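Take a slow look at the chain below before reading on. Then follow the text from contact to contact.

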Amino acid sequence: FGTYIAIDEMMIRFFGHSHFTHRVKNKPVKEGYKWFVMVDSKTSYVYNITPDGQTAGNNGRGADE
């Protein structure tokens, strides 16, 4: 990779019913799916995109919590 790698989170808007969505007040996208994205900030090339890992069973907490 290079010097211009960035990891950021993004929300994809969703208005239906799902256990996998997040609600965040005071944001432009108030409800949706959260993703983590690794990009080259100089070229805007996306290297990796990953969902946040929250599942309906554990609400994002680890197995021991």
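This is a predicted model: local features need pLDDT of at least 70, side-chain atom pairs count only at pLDDT 80 or more; totals for chains, interfaces and linings use all residues.

**A walk through the chain**

Is R23 buried or exposed? R23 is exposed, because its relative accessible area is 69%, and the cut-off for exposed is over 50%.

How many salt bridges are there in the structure? There are two. K34 belongs to strand 3, which covers residues 31-40, and E9 belongs to strand 1. The pair therefore ties together parts that are 25 residues apart in sequence. E9 has a relative accessible area of 43%, so E9 is partly exposed.

Now step back to the whole chain. Which elements does the chain have? It has four strands and zero helices. Read from the N terminus, the order is β-β-β-β. Strand 1 covers 5-13 and strand 2 covers 22-23. Strand 4 covers 45-51. The chain has 65 residues, and 14% of them count as buried.

One of the buried residues is T21, with a relative accessible area of 12%. T21 counts as buried because 12% falls under the 20% cut-off. Where is T21 found? T21 is in the loop between strand 1 and strand 2. The side chain of T21 has a polar atom 3.3 Å from the backbone oxygen of S18.

Next, look for open space. The largest pocket holds about 160 Å³ of space. Its lining is made of E9, M10, M11, V24, K27, P28, V29 and K34. Which element gives the largest share of the lining? Strand 1 does, with three residues.

Turn to the rings. A pair of aromatic rings is described by the distance of the centres and the angle of the planes. A search of the whole structure finds two aromatic pairs. F14 and Y33 form a tilted pair, 5.0 Å centre to centre, with 50° between the planes. F14 lies in the loop between strand 1 and strand 2, and Y33 lies in strand 3, so this pair ties together parts that are 19 residues apart in sequence.

Y45 and Y47 form an aromatic pair that is edge-to-face. Its centres are 5.0 Å apart, and its planes make an angle of 70°. Why edge-to-face? The angle of 70° is over 60 degrees, so the pair falls in that class. Y47 counts as partly exposed, at 32% relative accessibility.

Now check the backbone. Most residues other than glycine have a negative phi. Where does this chain depart from that pattern? N26 is not a glycine, yet it has a positive phi of about 60°. N26 lies in the loop between strand 2 and strand 3. N26 is exposed, with a relative accessible area of 75%. S44 has a positive phi of about 65°, and S44 is not a glycine either. S44 lies in the loop between strand 3 and strand 4. At 59% relative accessibility, S44 counts as exposed.

End with two residues that the sequence sets apart. Y4 lies in the segment before strand 1. Y4 is partly exposed, because its relative accessible area is 43%. How far apart are Y4 and T43 in sequence and in space? In sequence, 39 residues separate Y4 and T43. In space, the distance is 8.7 Å, C-alpha to C-alpha. Find both in the structure and trace the chain from one to the other.

Conventions:
Residues are numbered from 1 along each chain as its sequence is written. Side-chain values use heavy atoms; hydrogens and water are left out. Helices (H or I, at least four residues) and strands (E, at least two) are DSSP runs, numbered from the N terminus. Buried means under 20% relative accessible area, exposed over 50%, partly exposed in between (1.4 Å probe, protein chains only). A polar contact is a pair of N or O atoms within 3.5 Å; within protein, one must be able to donate a hydrogen and the other to accept it, and residues adjacent in sequence count only if both atoms are side-chain atoms. On a 1 Å grid over the protein atoms alone, a cavity is a set of points where a 1.4 Å probe fits but cannot get out, and a pocket is an open set with protein on both sides within 12 Å along at least five of seven lines; lining residues have an atom within 4 Å of a point. Grid points are joined across faces, edges and corners, and a volume is the space filled by probe spheres set on the points. A salt bridge is a side-chain nitrogen of Lys or Arg within 4 Å of a carboxyl oxygen of Asp or Glu. Rings of Phe, Tyr and Trp (its six-membered ring) pair if their centres lie within 6.5 Å; planes under 30 degrees apart count as stacked, over 60 as edge-to-face and the rest as tilted.
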